[in-house]
Amino acid sequence: MPLDTSTYSLALLRLDGRRWNELRRLTAQISTQAAADGSSYLEMGNTKVICTVTGPAEGKRTGGAGTGGGNEAEVRVEIGIAGFSGVDRKRRGRNDKRISEMQTTISNTFASSLFTHLYPHSTININIHILSQDGSLLAACLNASTLALIDAGIPMRNYICACTAGSTSSHSANDEAADPLLDLNNLEEQELPFLTVATVGESDEVAVLVLETRVQMGRLEGMLAVGVDGCKQVREILDGVVRRRGKRILESAAV
Amino acid sequence: MPREVEPSQNEKQFFTKALSENIRIDGRGFDEFRELSLEFGDEHGVADVRLGKTRVLTHITAEVTSPFPDRPFDGLFTITTELSPMTSPSFEVNRPTETELLLSRMLEKTIRRSSALDTESLCLIAGQKVWSIRADVHVLSSDGNLTDAACISIIAALQHFRKPDTSTSGEGVTVYTLAEREPVPLSLLHHPLCVTFSFYPPPAEGNGEGEGEITLLDTTHLEESLRAGSVTISMNRHGEVCQIAKLGGVAVDAVTLLHCTSVALVKVKEISAFVAKRLEQESRRKDVDGKMKTLLSSENARIPG
């Protein structure tokens, strides 16, 4: 049922009326949860995510069993998917491998972008709650975590900005005319090959790259280029959110 | 849980010093695999892959079961990985570690999600009887690069495996024993293989070129524990990328990653050719004096149409 690919070639408009290089509406808030050390709420189209950060704090598990016993802080990530977030209410087991893989990815990403060596023997907990799923889930989680970590005031090298990129070609067809697409929604993700890419700030340095669908090697370059470009747009938006928040704090302090 | 022993300060320094002089500890080139050997068992569907000191054994089995109600036409295909304490003291029975989780996810994405095995061809009677193919991956010895070795062994075992021939008449299915009819191979749509690249920060003094990080292929256990990041790329020899996983770690330039995919294609072609060669040697070994061929041809001639 290639409904996207068939209509796309006619008007060059996607299912939701976007052009190939347009992001969905990306909005975010910082410090939404009072109890957490840092928190954020992020919407990428209809994907909605709340992220809270606690720490750096003393690790719960003592005895140096985990990596938290070392000279660097340990980053632990917990992802909860709300039952009402998807189209069908599916009960997920506690050890869903896809979720565990996402947790590992996020934890590894921030373990190398945060200055973890400043907090030896401690743990940074990132809790992510997914309220609504409509594609680009990993990207939304990464962006929300970046904002929450900034809010918690944990020093980091640069923003980690993520988005998805797809291609209108199917895996078998070697069509040179296939367009790369930016920021896929759920319907597009189910039909088209796509990748999630996260870059470090404005650079072309890729921290995360996940592709799970079959695609011709030739399509990859275009997808990656569009993805990295999208990450730069995401960075602008995230930076705007942080700066607005900073300005508000300064204004309230001045009064 | 006993922790993995971290490499000592001396080992670390020796390794990084050697790397800055463009030398790997075992003297291989940066993009060179260790010696790959592939042995098949006497049974169909047993493949034993050795990559240096890493050794992975895969056993494929098939049985007839009923399909999932939501997919009545699809057979079942499961991959189970087992990392026993024999492999490394940090693995415990019945408690999957992160390594095991990532390994099984990687194999799942590479082989199952890319539909390497045509599950529709495993259907016997729609909604009632299908073949269930199970690949048991046993890691016998772990010296780094488990993913690539496990992937090679599964793909080789799947190609080597023969499932019993069947015939359906109405609602009944007859499964013929190996003596009654020659078993049939599985229908594989393509043969994806993994190649893992490990990244190391460039040497501090540098050559003044400002070049990027060092990329190593087929890392040993020591090299793996010292790497700053890695990417696993799964491809088939037709140049289709099935999966890319760079799950965090040090950030790498996008161009480097694209370069990695083209290196991966070369390696995948080499390994595919090796597996194909070994499979052919194996079939020739079993087929003494070409007797099998004459037997098969006479059987085919008997079937009308």
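## Buried contacts, salt bridges and helix packing

User: Which residues does A:Asn185 touch, not counting residues up to four places away in sequence?

Analyst: Happy to start there, with the reminder that this is a predicted model. A:Asn185 lies in the loop between strand E7 (180-182) and helix H4 (186-191) of chain A, and its relative accessible area of 8% makes it buried. Leaving out residues up to four places away in sequence, the residues it touches are A:Asp16, A:Arg18, A:Arg24, A:Asp134 and A:Gly135.

User: Which residues are linked with A:Asp16 and A:Arg18 in a network of salt bridges?

Analyst: The pair you name is itself joined, since the side chains of A:Asp16 and A:Arg18 form a salt bridge with N to O at 3.1 Å. Beyond that pair, the network of salt bridges also takes in A:Arg14, A:Arg24, A:Asp134, A:Asp183 and A:Glu188.

User: Where is A:Ser136, and what is its phi near?

Analyst: A:Ser136 belongs to the loop between strand E5 (122-132) and helix H3 (137-151) of chain A. At 1% relative accessibility A:Ser136 counts as buried. Its phi is positive, in a residue other than glycine, and is near 50°.

User: What is phi of A:Ser31 near?

Analyst: A:Ser31 is placed in the loop between strand E1 (26-30) and strand E2 (38-44) of chain A. With 29% relative accessibility, A:Ser31 counts as partly exposed. Phi is again positive for a residue other than glycine, and is near 60°.

User: Which residues does a cis peptide bond join in chain A?

Analyst: Strand E3 (residues 47-58) of chain A is the place to look, as it holds A:Pro56. Omega is about 0° at the cis bond, and the residues joined are A:Gly55 and A:Pro56.

User: Among contacts in chain A between residues at least 6 apart in sequence, what percentage join residues at least 24 apart?

Analyst: For background, chain A has five helices and 10 strands, and 51% of its 255 residues count as buried. Among its contacts between residues at least 6 apart in sequence, the share that joins residues at least 24 apart is 71%.

User: Turning to chain B, how many residues apart are B:Asp218 and B:Arg34?

Analyst: B:Asp218 and B:Arg34 form a salt bridge, with the closest N and O atoms 3.0 Å apart. The pair links distant parts of the chain: B:Asp218 is in the loop between strand E12 (214-217) and helix H4 (221-226), B:Arg34 is in the loop between helix H1 (9-20) and strand E1 (36-40), and their separation is 184 residues.

User: What relative accessibility does B:Asp218 have, and what relative accessible area does B:Arg34 have?

Analyst: Both partners fall under the 20% cut-off for buried. B:Asp218 counts as buried at 0%, while B:Arg34 is buried at 10%.

User: Which residues does B:His160 touch, not counting residues up to four places away in sequence?

Analyst: B:His160 is in helix H3 of chain B, and at 6% relative accessibility it counts as buried. With residues up to four places away in sequence set aside, it touches B:Phe40, B:Gly41, B:Glu43, B:His44, B:Gly45, B:Val46, B:Leu279, B:Glu282 and B:Lys286.

User: At what angle do helix H2 and helix H3 of chain B pack?

Analyst: H2(B) covers residues 98-113 and H3(B) residues 146-160, with their axes 10 Å apart. H2(B) passes H3(B) in a right-handed crossing. The packing angle is about 45°, which makes H2(B) oblique to H3(B).

User: How do the residues of the contact of H2(B) with H3(B) divide into nonpolar, polar and charged?

Analyst: H2(B) contributes B:Leu103, B:Met106, B:Leu107, B:Thr110 and B:Ile111, and H3(B) contributes B:Leu146, B:Thr147, B:Ala150, B:Cys151, B:Ile154, B:Ile155 and B:Leu158. Buried residues of H2(B) include B:Leu103, B:Met106, B:Leu107, B:Thr110 and B:Ile111. The contact divides into 10 nonpolar, two polar and no charged.

Conventions. Residues are numbered from 1 along each chain as its sequence is written. Chains are lettered from A and ligands numbered from 1 in the order in which they are written. This is a predicted model: local features need pLDDT of at least 70, side-chain atom pairs count only at pLDDT 80 or more; totals for chains, interfaces and linings use all residues. Side-chain values use heavy atoms; hydrogens and water are left out. Axes are lines fitted to C-alpha atoms, for helices over the stretch in contact, and angles run from 0 to 180 degrees between N-to-C directions. Helices (H or I, at least four residues) and strands (E, at least two) are DSSP runs, numbered from the N terminus. Angles under 35 degrees count as roughly parallel, over 145 as roughly antiparallel, 65 to 115 as roughly perpendicular and the rest as oblique. A crossing is left-handed if the near helix is turned anticlockwise from the far one by less than a right angle, and right-handed if clockwise. Contact means heavy atoms within 4.5 Å. Ala, Val, Leu, Ile, Met, Phe, Trp, Tyr, Cys and Pro count as nonpolar, Asp, Glu, Lys and Arg as charged, and the others, Gly among them, as polar. A salt bridge is a side-chain nitrogen of Lys or Arg within 4 Å of a carboxyl oxygen of Asp or Glu. Buried means under 20% relative accessible area, exposed over 50%, partly exposed in between (1.4 Å probe, protein chains only).
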